[in-house]
Amino acid sequence: MRKSKPKKRVILPDPKFNDVDVTKFVNNLMFDGKKSIAYDIFYNALQIVEEKKVSEELSSLEVWRKALENVTPLVEVRSRRVGGATFQIPSEIRPGRRQSIGMKNLILFARKRSGHSMKDRLAAEIIAAFNEEGAAFKKKEDTHRMAEANKAFSHFRF
């Protein structure tokens, strides 16, 4: 490579929970640089999760963490051209990308849900992911199934 790798940016923890992962999630949730609105949506969604009493012993932040863990894929398929054919080759995902994909899927499918406000939709998607159901969890399962089906081509790994 001609250029050196870009430096990793330091992400500051969020004001309420003092957690970097929450800030990353809010950054993905944000539109047009409106971070305060994104924080508002996230905190209100967690409040809705808390009110619905999904789990007796876990706090809403722990429920969100578990939901994120449930929708985070471990493997993905990448297209690779060998000879004249294109193969879908399963490969493991590095941890940073894994977390990013999980967050983006959770937000994407929350946006696609039907509901009144984004906080309601996000809360519903978090609860569904916590219970190992919902569209984001299904996406992870489909990704894993695709990787399992193409395991025979894993020797083409690059």
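Which side chain makes a polar contact with the side chain of E76? Select E76 and R78: the side chain of R78 makes that polar contact, at 3.4 Å. A polar contact here is a pair of N or O atoms within 3.5 Å; within protein, one must be able to donate a hydrogen and the other to accept it, and residues adjacent in sequence count only if both atoms are side-chain atoms.

This is a predicted model, in which local features need pLDDT of at least 70 and side-chain atom pairs count only at pLDDT 80 or more, while totals for chains, interfaces and linings use all residues. Residues are numbered from 1 along each chain as its sequence is written, and side-chain values use heavy atoms, with hydrogens and water left out.

**Whole chain**

Show the protein chain as a cartoon. Six helices and two strands make up its secondary structure, and from the N terminus the order is α-α-α-β-β-α-α-α. Helices (H or I, at least four residues) and strands (E, at least two) are DSSP runs, numbered from the N terminus. The C-alpha trace spans about 55 × 40 × 30 Å along its principal axes. Of the 158 residues in the protein chain, 35% are buried. Buried means under 20% relative accessible area, exposed over 50%, and partly exposed in between (1.4 Å probe, protein chains only). Among contacts with a separation of 6 or more, 60% join residues 24 or more positions apart; contact means heavy atoms within 4.5 Å.

**E76 and strand β1**

Go back to E76, which sits in strand β1 (residues 75-82). E76 counts as buried because its relative accessibility is 10%. Leaving out residues up to four places away in sequence, E76 touches I89, P90, S91, I93, R97, I101 and T143.

**The end of α6**

Next select A147, in helix α6. With 5% relative accessibility, A147 counts as buried. Residues up to four places away in sequence aside, A147 touches V75, V77 and P90. For a distance across the model, pick N44 as well: N44 and A147 are 103 residues apart along the chain, and their C-alpha atoms are separated by 36 Å.

Move on to N150, in the segment after α6 (135-149). N150 is buried, at a relative accessible area of 14%. A polar atom of the N150 side chain lies 3.1 Å from the backbone oxygen of M146. Not counting residues up to four places away in sequence, N150 touches V77, Q88 and P90.

**The largest nonpolar core**

Now select F25, F42, W64, L106, L122 and I126. Within the largest nonpolar core, which has 32 residues, these six touch the most other members. A nonpolar core is a set of buried Ala, Val, Leu, Ile, Met, Phe, Trp, Tyr and Cys residues joined through side-chain atoms within 4.5 Å. Two or more residues of this core come from each of α1 (20-29), α2 (35-51), α3 (60-71), α4 (95-112), α5 (118-130) and α6. Helix α2 gives the largest share, eight residues. In soluble globular proteins, nonpolar side chains tend to be buried together.

Centre on F25. Its contacts, not counting residues up to four places away in sequence, are F42, W64, M103, L106, I107 and L122.

**α2 against α5**

Hide everything except α2 and α5. These helices pack at an angle of about 55°, with their axes 8 Å apart. Axes are lines fitted to C-alpha atoms, for helices over the stretch in contact, and angles run from 0 to 180 degrees between N-to-C directions. That angle makes α2 oblique to α5: angles under 35 degrees count as roughly parallel, over 145 as roughly antiparallel, 65 to 115 as roughly perpendicular and the rest as oblique. On the α2 side the contact includes I41, F42 and N44, and on the α5 side it includes M118, K119 and L122.

Select I41, in helix α2. Apart from neighbours within four places in sequence, I41 is in contact with L29, M118, K119 and L122.

**Two positive phi values**

Finish with two loop residues. D32 lies in the loop between α1 and α2 and has a positive phi of about 55° although it is not a glycine. D32 is exposed, with a relative accessible area of 75%. E132 lies in the loop between α5 and α6; its phi is also positive, near 55°. E132 is partly exposed, at 46% relative accessible area. Most residues other than glycine have a negative phi.
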